[in-house]
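Please read them alongside the model.

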Amino acid sequence: MSTTEVQSVLLTQANVADTLKLQSRDGANIGTVHALLVHKGTGRTTHAVLSLGGFLGMGKSYYAVPFELLNYDIAHDLYTITVDKRVLEGGPSWANNAPTFDQAYADRVAAYYGTRAENLAEG
């Protein structure tokens, strides 16, 4: 198995079925946390997959963001994202076929949001 193949399977998706609400810094509801990406070796959450838009499950778009951009609000049981919704909507996304979340995609996400790149091989 090549290094690329190993890196592409180091994260597992923990679905939360859009049960965690997502709001902007100003308190506006903007979507939900669809899933969390967890490193298999360390158990650390590296990214969140956000679900925005759509109606009755149709027309949703999904955005992978570094987990460090989210803050959990215990009192309201929701996550707040620290970037503007317009910035989020311009980021790496998909509607139907999720990309392979390998090192190259993780680097692309980190570069877009200006965060530290995750080394998926290290966890």
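1. Accessible areas here come from the Shrake-Rupley method with a 1.4 Å probe; for residues, only the protein chains shown count as cover. On that basis the chain has an accessible surface of about 6,800 Å², and carbon and sulfur atoms hold 51% of that surface.

2. This is a predicted model, in which local features need pLDDT of at least 70, side-chain atom pairs count only at pLDDT 80 or more, and totals for chains, interfaces and linings use all residues. Residues are numbered from 1 along each chain as its sequence is written, and side-chain values use heavy atoms, with hydrogens and water left out.

3. The chain contains three helices and seven strands, in the order α-β-β-β-β-β-β-α-β-α from the N terminus. Helices (H or I, at least four residues) and strands (E, at least two) are DSSP runs, numbered from the N terminus.

4. Of the 123 residues, 42% count as buried (under 20% relative accessible area; exposed is over 50%, partly exposed in between; 1.4 Å probe, protein chains only).

5. Asp77, in the loop between β5 (70-73) and β6, has a positive phi of about 50 degrees although it is not a glycine. Most residues other than glycine have a negative phi. Asp77 is partly exposed, at 43% relative accessibility.
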